[in-house]
Amino acid sequence: MFTHMKRMFIWIFRCHHCRGFGIQSPSAYSFVRYVVNEHYPYYAYADLAASFPQLGKRERKLGEFYFRLANFAQAYQWLCCGSMPHWLAPYVQAGCKGTAVVDLEEAELHAGISPEHPLVVHLLDPLRAEETYERVLPMLNQKSILVVEGIGCSHHARQLWQKLRHDLRTGVTFDLHYCGLVFFDTARPKQHYVINF
């Protein structure tokens with residue numbers, strides 16, 4: 001009951017940030033409308049729900065979002081730092097079969113990755129996120145996406161999120177409450193969007 005009330009409060013608090021309302025950038029609006037808040041019931045959702053019937057509402061919502069993000073990014077690797085939930089790789093790979101979901105410690109990282117190779121880095125552990133971000137930053141390119149879990153779960157996580165938002169090396173950022181997204185195309189004007197996800 002408490003969790004339901006908390007979700008309802010978050011939704012009401014952010015209701016004026018629904019479905020891209022007020023976003024002037026066509027690319028940011030399109031991303032919010034068709035990736036973050038897309039409500040189309042993709043064919044794979046039912047299969048994934050049957051494979052993971054024990055998932056809670058928030059985990060399923062995040063899983064379906066990561067499915068859409070993987071489909072959007074078409075990344076060759078989805079690098080995870082921290083304890084990876086058992087459902088993450090199947091959701092990501094259902095969204096893009098060509099994306100390898102790899103633990104960051106096991107990945108072969110090298111600087112100067114070609115801009116033609118999109119990369120998603122998923123920071124699942126807020127306590128190690130800052131150290132990991134500095135480590136992987138040289139490998140990121142303009143098509144890379146950084147996903148930061150739990151951006152509001154602690155004072156440390158909120159400080160890190162503010163730092164990432166204002167870092168001159170980052171571009172557009174999206175606050176989805178449960179996670180944050182950082183893009184690295186610095187040719188676009190730096191903007192921050194709070195989205196009711």
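**Group meeting: helix packing and cores in a predicted model**

Of the contacts in this protein with a separation of 6 or more, 65% are between residues 24 or more positions apart, where contact means heavy atoms within 4.5 Å. This is a predicted model, so local features need pLDDT of at least 70 and side-chain atom pairs count only at pLDDT 80 or more, while totals for chains, interfaces and linings use all residues. Residues are numbered from 1 along each chain as its sequence is written, and side-chain values use heavy atoms, with hydrogens and water left out.

The overall picture, then. The protein has seven helices and seven strands, which are DSSP runs numbered from the N terminus (helices H or I, at least four residues; strands E, at least two). Along the sequence the pattern is α-α-α-α-β-α-β-β-α-β-α-β-β-β. There are 197 residues, and 50% of them count as buried, that is, under 20% relative accessible area with a 1.4 Å probe, protein chains only.

Next, the cores. A nonpolar core here is a set of buried Ala, Val, Leu, Ile, Met, Phe, Trp, Tyr and Cys residues joined through side-chain atoms within 4.5 Å. The largest has 44 residues, and those touching the most other members are Phe65, Tyr66, Leu69, Trp78, Phe174, Leu176 and Leu181. H4 gives the most to this core, seven residues. Leaving aside neighbours within four places in sequence, Leu69 is in contact with Phe31, Val35, Trp78, Ile145, Val147 and Leu181.

Now H4 and H5. How do H4, residues 57-73, and H5, residues 88-95, pack? The angle is about 35° and the axes are 7 Å apart; axes are lines fitted to C-alpha atoms over the stretch in contact, with angles running from 0 to 180 degrees between N-to-C directions. The crossing is right-handed, meaning that the near helix is turned clockwise from the far one by less than a right angle. From H4, Arg60, Gly63, Glu64, Tyr66, Phe67, Ala70 and Asn71 meet Leu88, Tyr91, Val92, Ala94 and Gly95 of H5.

Finally, what covers H5? Six of the eight residues of H5 are buried: Leu88, Ala89, Tyr91, Val92, Ala94 and Gly95. Their cover includes H3, H4, S1, strand S2 (100-103) and strand S3 (119-123).
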